[in-house]
Structures are given as structure tokens and as C-alpha cells.
Amino acid sequence: MAEFKYQGNKRLLTGLVISDKADKTIVVRVETLVKHPLLKKYIRRRKKFMAHDPANDCGVGDTVQIVESRPMSKRKRWHLVKILEKAV
């Protein structure tokens, strides 16, 4: 699940790498739990973020932390902080 922590005034998210095909770029899927307003059940919401990986260290299936940064391209506004767990 996503951990909404902040580093200064920047959001820090935890997610799963689902693509590393682009050069120095990863696509990270972040899941959050949201309570349904009427049914009061928790719904899993997923969102994809493109993040900058300068050393191309990440692979598909890795659990990573990303932080907001300045825009690096049209869709890339996040930067890799660290790899929490490597995929097997």
C-alpha cells in the first residue's frame, strides 16, 4: 500500500516498478486504500507514475520509494529515492 509521507513539502510514495523499458525512466504503480463514502468498504486505487532512475538500477517487480521533483519531461515529475526490495 502507499505510504503518504512528506520530505519537506514534497510527497514521498512507495510503489512497485511495472516497467523499466525506457532509458533512465521507470513506471511505478502506487496503490492506496480509499473508504467508499456510502458502503464504508475500502477500495484499492492504483495510479501510475513515471520516475527518473539515473543509474538504471531498477527492474520490474522492485519495490521503490519516489519523491516529487521538477518536471523532467512531459510525464516525468518524480525521482527515485531508494530501492526498498529487489525482485527475485
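Among contacts in the protein chain between residues at least 6 apart in sequence, 49% join residues at least 24 apart, where contact means heavy atoms within 4.5 Å. The chain is a predicted model, in which local features need pLDDT of at least 70, side-chain atom pairs count only at pLDDT 80 or more, and totals for chains, interfaces and linings use all residues. Residues are numbered from 1 along each chain as its sequence is written, and side-chain values use heavy atoms, with hydrogens and water left out. Here is a friendly tour, from the whole chain down to single residues.

**Overall make-up**

- The protein chain has 0 helices and 6 strands; helices (H or I, at least four residues) and strands (E, at least two) are DSSP runs, numbered from the N terminus.
- Along the sequence, the pattern reads β-β-β-β-β-β.
- Taken along the principal axes, the box filled by the C-alpha atoms is roughly 45 × 35 × 20 Å.
- Of the 88 residues, 32% count as buried; buried means under 20% relative accessible area, exposed means over 50%, and partly exposed lies in between (1.4 Å probe, protein chains only).

**Surface and charge**

- About 6200 Å² of the protein chain is accessible surface, and 51% of that belongs to carbon and sulfur atoms; the areas come from the Shrake-Rupley method with a 1.4 Å probe, and for residues only the protein chains shown count as cover.
- The chain carries 21 positive and 9 negative charges, and their mean positions are 10 Å apart.
- For this count, Lys and Arg are positive and Asp and Glu negative, while His and the chain ends are not counted; each charge is placed at NZ of Lys, CZ of Arg, CG of Asp or CD of Glu.

**How the strands pair**

- Two strands pair if DSSP finds at least two bridges between them.
- S3 (25-35) and S4 (42-52) are joined in the antiparallel sense over 11 bridges, with arginine 29 opposite lysine 48 in S4.
- S4 and S6 (residues 76-85) run parallel and share 3 bridges; here histidine 52 has histidine 79 in S6 as its bridge partner.
- S2 (residues 10-19) and S5 make an antiparallel pair over 5 bridges, in which leucine 13 stands opposite isoleucine 66 in S5.
- S5 also pairs with S6 in the antiparallel sense, over 6 bridges, and glutamate 68 faces tryptophan 78 in S6.

**Two residues with positive phi**

- Lysine 40 sits in the loop between S3 and S4, a hairpin with 6 residues between the strands.
- Phi of lysine 40 is near 65°, a positive value in a residue other than glycine, and this lysine counts as exposed at 52% relative accessibility.
- Asparagine 56 lies in the loop between S4 and S5 (63-68), and its phi is near 55°, again a positive value in a residue other than glycine.
- With a relative accessible area of 40%, asparagine 56 is partly exposed.

**Aspartate 62 and its surroundings**

- Aspartate 62 is placed in the loop between S4 and S5 and counts as buried, at 2% relative accessibility.
- The side chain of aspartate 62 makes a polar contact with the side chain of lysine 86 (3.3 Å); a polar contact is a pair of N or O atoms within 3.5 Å, where within protein one must be able to donate a hydrogen and the other to accept it, and residues adjacent in sequence count only if both atoms are side-chain atoms.
- A polar atom of the aspartate 62 side chain also lies 2.7 Å from the backbone nitrogen of alanine 87.
- Leaving aside neighbours within four places in sequence, aspartate 62 is in contact with several residues, including Gly15, Leu16, Val17, Asp57 and Ile83.

- Valine 60 belongs to the loop between S4 and S5.
- Beyond its neighbours within four places in sequence, valine 60 is in contact with Val17, Ile18, Ser19, Asp20 and Ala87.
- Glycine 8 lies in the loop between S1 (5-7) and S2 and is exposed, with a relative accessible area of 75%.
- Valine 60 and glycine 8 are 52 residues apart along the chain, and their C-alpha atoms are separated by 29 Å.
- Glycine 8 and arginine 75 are 67 residues apart along the chain, with 23 Å between their C-alpha atoms.
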